[in-house]
Amino acid sequence: MPPRGEVRLTITFGPAVTPVFASALAYAREHANQLIQTGPRAYRASFTLGTDPVVYGRALHLVHMVYGWRATLMEVDGSPEYGGTVRAMLHCAREWLRRTGRCAERFPGAPHPKCRGCPLYDTEWAPESFTRPTWTVGLEPLDVVVPDHLPEGWT
């Protein structure tokens, strides 16, 4: 299965009593793929995230502007996501697109669930990139071999 492909990031913000509100609205109006007024001084901005790092940067900038407002809601493909997760995903994906054009993150403990909302998340790459942790007692590493499956006849 290839990487997920395009996903839709939706940022609902406002109303907010802050001088930044007008700037955030102007920024969303200029850079979002879609901007809809959902109530008095409340808006929903949508970004289509694919392989263009500029779009990730634009979305990240708006997220930073409205992140701390109590009425801000963020969704990835219709699923509500914590703002910190969205910020980390946008930043990470943007950097990978700039460097290599795709995600090549190594997952030291296991494939990270937070990456499942990312358009660059590749369900084949994540398990393959898993690196087993090195356990140590004191300063000496333990040579522990963990088999991929249980040996035959093991009960």
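Start by selecting E95 and R98: both belong to helix α3, residues 83-99, and they sit 3 residues apart, about one turn of the helix. (Helices here are DSSP runs of H or I with at least four residues, strands are E runs of at least two, and both are numbered from the N terminus.) You're looking at a predicted model, where local features need pLDDT of at least 70 and side-chain atom pairs count only at pLDDT 80 or more, while totals for chains, interfaces and linings use all residues. Residues are numbered from 1 along each chain as its sequence is written, and side-chain values use heavy atoms, leaving out hydrogens and water.

Now show the side chains of that pair. E95 and R98 form a salt bridge, with the closest N and O atoms 3.0 Å apart; the term means a side-chain nitrogen of Lys or Arg within 4 Å of a carboxyl oxygen of Asp or Glu.

Next, colour by accessibility: buried is under 20% relative accessible area, exposed over 50%, and partly exposed in between, using a 1.4 Å probe and protein chains only. E95 is partly exposed at 22%, and R98 is partly exposed at 47%.

Then pick G83, V86, M89, L90, A93, W96 and L97, the buried residues of α3. They span an arc of only 165° around the axis, so they lie on the same side of α3; the arc is taken from the directions from the helix axis to the C-beta atoms.
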